[in-house]
Amino acid sequence: MHVRLLLIVLMSLSAPLSHALQNDANQPIKIESDKAERNDEKGTTVYEGAVVIRQGTIKIRADKVIVYSERNKVDRIVCIGKPAHYQQQPKPEDGLVLASGDTIEYHLAADRIDLLKNASLEQNGTTITGEKIHYDLKAEVVKASSGDNPKQRIQMVIPPSNQKEGN
């Protein structure tokens with residue numbers, strides 16, 4: 001039962017990344033952690049201790065990863081760290097997308113990644129930081145906010161080579 005469920009979790013992790021390199025979805029998923037625990041009643045699998053998830057160009061690093069599933073289908077993955085890291089190469093011609101935050105929530109049905117607290121997203125030298133960043137993978141839309149902290153502001157850095165593109 002655990003092996004079958006783990007395979008379902010792993011297959012679901014890659015399915016919604018429609019803009020990932022086509023080859024990523026065909027790559028095996030590898031998870032490394034110090035320990036793992038599956039709770040069938042709650043529909044959760046928890047990986048702890050220097051968790052690393054790899055599939056093609058996708059790499060996730062966190063202290064703890066919680067996979068939430070309903071009816072044997074993964075619907076949300078939460079990565080916790082100081083910070084947790086996510087990277088992916090969306091297209092062959094694009095640079096790596098590098099994301100981090102104390103919490104990274106991956107909503108599979110919505111095809112969205114939420115970076116929460118100390119959030120950062122970088123691609124091709126352009127960086128955006130803030131308390132919250134919502135990254136819509138399908139629409140390739142990024143929304144950043146200062147969260148509930150009026151003293152915290154978002155910051156964006158655009159390198160000179162990208163300024164001509166209208167960023």
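Modeller: Glu48 is partly exposed, with a relative accessible area of 29%; buried means under 20% relative accessible area, exposed over 50%, and partly exposed in between, with a 1.4 Å probe and protein chains only. The model is a predicted one, in which local features need pLDDT of at least 70 and side-chain atom pairs count only at pLDDT 80 or more, while totals for chains, interfaces and linings use all residues. Residues are numbered from 1 along each chain as its sequence is written, and side-chain values use heavy atoms, with hydrogens and water left out.

The side chain of Glu48 meets that of Lys35 in a salt bridge (3.8 Å, N to O). A salt bridge here is a side-chain nitrogen of Lys or Arg within 4 Å of a carboxyl oxygen of Asp or Glu. Because Glu48 lies in strand 3 (residues 44–55) and Lys35 in strand 2 (residues 35–39), the pair ties together parts that are 13 residues apart in sequence. Helices (H or I, at least four residues) and strands (E, at least two) are DSSP runs, numbered from the N terminus. Lys35 itself counts as exposed, at 51% relative accessibility.

In one of them, Lys82 and Asp102 meet through their side chains at 3.7 Å, N to O. This pair links distant parts of the chain, with Lys82 in strand 5 (residues 73–88) and Asp102 in strand 6 (residues 97–107), 20 residues apart. Lys82 is exposed, at a relative accessible area of 70%, whereas Asp102 is buried, at 8%.

The other joins Arg38 and Asp40, whose closest N and O atoms are 3.1 Å apart. Arg38 counts as buried at 17% relative accessibility, while Asp40 is partly exposed at 42%. Arg38 is also one of the residues in contact (heavy atoms within 4.5 Å) with Ser69, neighbours of Ser69 within four places in sequence being left aside; Gly43, Val74 and Asp75 are the others. Ser69 belongs to strand 4 (residues 58–70) and is buried, with a relative accessible area of 11%.

As for the fold around these pairs, the protein has three helices and ten strands, running α-α-β-β-β-β-β-β-β-β-β-β-α from the N terminus on. Of its 167 residues, 41% count as buried.
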